[in-house]
Amino acid sequence: MFKSKRLPMEVQAAAGLILIQLAHKLVAELPGAMTTAGTATHPMVFAVVTLSAAYVLAFVTCLFRIHWGFIIGIVLGIEIIFQPIIFHVIMRIPKEPPYYILFPILQGILVTYFCWLGYRAVKG
């Protein structure tokens, strides 16, 4: 039987979700952090840039089927889950509409889940 050399569906899904979250960090969160902080050297901006670099690392290593990429993706998915809880619930930074925090939590759950599936598919 012929075995396909393309990436397994689980790896494709995990890499796709990681790429979407990277784009979100660069398009939405980085400008927001720079506006809030006022300077590009603020620790909040540094954190967003560092997380963006982690997304790039996770994306590239997932494409090469390296299991550490999926582990990094799982950690980043957990970060996505906790970020709105920390900012909007604990620190009470208002967000309109208030149910907005459900969307990043769902995105974090999806990233975590598909990275776990990708990890299992690669580990065999």
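A polar contact is a pair of N or O atoms within 3.5 Å; within protein, one must be able to donate a hydrogen and the other to accept it. Keep that cut-off in mind for the first stop. The model you are looking at is predicted.

Start at T61. This residue sits in helix α2, which covers residues 43–63. A polar atom of the T61 side chain lies 2.7 Å from the backbone oxygen of L57. Is T61 buried or exposed? Its relative accessible area is 13%. Buried means under 20%, so T61 counts as buried. Which residues does T61 touch, once neighbours within four places in sequence are set aside? They are I66, W68 and G69.

Now move along to the loop between α2 and α3. I66, one of the contacts of T61, is found in this loop. The relative accessible area of I66 is 38%, so I66 is partly exposed. Look next for G118. I66 and G118 are 52 residues apart along the chain. Their C-alpha atoms are separated by 10.0 Å.

R65 is found in the loop between α2 and α3 too. Its backbone deserves a look. Most residues other than glycine have a negative phi. R65 is not a glycine, yet its phi is positive, at about 60°. How accessible is R65? Its relative accessibility is 36%, so R65 counts as partly exposed.

R92 has a positive phi of about 60°, although it is not a glycine. Where is R92 found? It is in the loop between α3 and α4. R92 has a relative accessible area of 69%. Exposed means over 50%, so R92 counts as exposed.

Two packed helices are described by the angle between their axes and the distance between the axes. Helix α3 covers residues 67–90, and helix α4 covers residues 102–123. Their axes come within 8 Å. The axes cross at roughly 165°. How do α3 and α4 run, roughly parallel or roughly antiparallel? Angles over 145 degrees count as roughly antiparallel, so α3 and α4 are roughly antiparallel to each other. The crossing of α3 and α4 is left-handed. What classes of residue make up the contact of α3 with α4? There are 16 nonpolar residues, seven polar ones and one charged one.

Methods
Residues are numbered from 1 along each chain as its sequence is written. This is a predicted model: local features need pLDDT of at least 70, side-chain atom pairs count only at pLDDT 80 or more; totals for chains, interfaces and linings use all residues. Side-chain values use heavy atoms; hydrogens and water are left out. Helices (H or I, at least four residues) and strands (E, at least two) are DSSP runs, numbered from the N terminus. Buried means under 20% relative accessible area, exposed over 50%, partly exposed in between (1.4 Å probe, protein chains only). Contact means heavy atoms within 4.5 Å. Axes are lines fitted to C-alpha atoms, for helices over the stretch in contact, and angles run from 0 to 180 degrees between N-to-C directions. Angles under 35 degrees count as roughly parallel, over 145 as roughly antiparallel, 65 to 115 as roughly perpendicular and the rest as oblique. A crossing is left-handed if the near helix is turned anticlockwise from the far one by less than a right angle, and right-handed if clockwise. Ala, Val, Leu, Ile, Met, Phe, Trp, Tyr, Cys and Pro count as nonpolar, Asp, Glu, Lys and Arg as charged, and the others, Gly among them, as polar.
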